[in-house]
Amino acid sequence: MERLELKNYLDEITLFSASQEEPSWMLDIRKKALALAEELPLPVIERVKFHRWPLMKVRELNEEELGEPVMPAFDELGDNPMIIQGRTTTHYEQMPTELSEKGVIFTDIFTAIREYPELIKEYYMTKAVEIGEDRLTAFHAAFMNGGVFLYVPKNVVVKDVFEAIFHHNNLDSSIYAKHVLIVAEENSEISYLERIQSFGNTKEKLSANIVVEVIAKPGAKVKFAAIDRLGETVSTYMNRRGYILRDASIDWALGILNDGDVIADFDSDLIGKGSHSEVKVVAISSGRQRQGIDTRVTNKASHSIGHILQHGVVRERGALTFNGIGHIIKGAKGADAQQESRVLMLSDKARGDANPILLIDEFEVTAGHAASAGRLDPDDLYYLMSRGLPQKEAERLVTRGFLGSVITAIPVKRVRDELVNVIDRKLVD
């Protein structure tokens, strides 16, 4: 993988920071991160060789190709809080007045940096994801060029779903570095839905670096859902991380349906007593696509609960690796860490791997795992085909059911339907 040279990018970063009217402290973070990105090692994703992937291509940071992103139809917009954004430019923003009056903040990341500096300073890459974890987190902090900030005050319960739609223009060759920061104060409740989608055709190799931080304060309840659909020429690094305090919970429902190569790091850190996280992931690999997904739950506190469910499908010559890691830290008595990772291969040339890892440093805990990588059950296919379904249709129904755990967890019906359509297209294209 290419190495950064500080002298080549410092001026670009300084100019970009000035164009977004960032305060000096934010530019200092970028400069510090740029220096670290030259020195730190890459993250470790077991059994996935990604070191030669073009994950750190910057190109024209200060010139955005807007293109024509596909906007939802007017009658599909609804009244819920929503942001639609390109790489850096926000195309549409909607926030109900009653939520603003309660102190809820939902805005683009650059507005948040300017208008809510104390909140950003406190939480931006300081608790969930740290700048200096590895080369790719530092690279992200240096080149971050878009994203949103969601803040929900103490005891505020929001029934509507917060939606963020991120468009990636394949004709924009610059790094696509999105940052999502969500802070749920004590006893608040929210649901957030994120969709990332490429549009436009290109053969140029592109890169994306996406970091999500969710901080759940004591008693907070967060539901986070995402559908990722980046293009075939995009090599992507994803890091979604939860920082979960006493009696708080984060439920993740993640559909990894990109067409390009992906490495992903999905972590839930159970910091407080009684904290809870359910992580549901589905992924499809096809063509010659390679995907490596690390999903980790770390029980750092007593009576914390972390469950992982990962289901993946591999077609043609695709490759998919699930690493499930459950780690119970010493002192976390009464903790529960469970995981299930299963990969279904639809081709003789497909490669699937499910690797369970349990690290137990304490007594009086509960832990378990299940893992499998195999092919379609011929009895299931025979049953459906005996009812008159063609083989391809029978395969599609079986695999859709296999991936159903995340489909049902998506909080908006029209988006659930969209997810089903995307899965169906990836299974037959």
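Me: Before we start, what should I know about the model and its numbering?
Reply: Residues are numbered from 1 along each chain as its sequence is written, and side-chain values use heavy atoms, with hydrogens and water left out. Since this is a predicted model, local features need pLDDT of at least 70 and side-chain atom pairs count only at pLDDT 80 or more, while totals for chains, interfaces and linings use all residues.

Me: Which domains does the assignment give?
Reply: Domain bounds come from an automatic or database domain assignment. Here you get domain 1 (6-271) and domain 2 (377-428), with C-alpha centres 30 Å apart.

Me: How do I read the area that the two domains bury between them?
Reply: The size of an interface is often given as the accessible area lost when the parts come together. Buried area is taken with a 1.4 Å probe and summed over both parts. For domain 1 and domain 2 that comes to about 1,200 Å², 66% of it on carbon and sulfur atoms. On the domain 1 side, I227, R229 and L257 lose the most area to domain 2, together 37% of what that side buries.

Me: And how many residues are in contact?
Reply: Taking contact as heavy atoms within 4.5 Å, 15 residues of domain 1 touch 13 residues of domain 2.

Me: How many salt bridges are there between the domains?
Reply: A salt bridge needs a side-chain nitrogen of Lys or Arg within 4 Å of a carboxyl oxygen of Asp or Glu. Between domain 1 and domain 2 the count is 4. One of the salt bridges here is D259 with K426, whose closest N and O atoms are 2.8 Å apart.

Me: Which elements of domain 1 give two or more residues to the side that touches domain 2?
Reply: Strands are DSSP runs (E, at least two residues), as helices are (H or I, at least four), numbered from the N terminus. The elements are β5 (157-169), β7 (189-199), β9 (221-229) and β11 (249-256).
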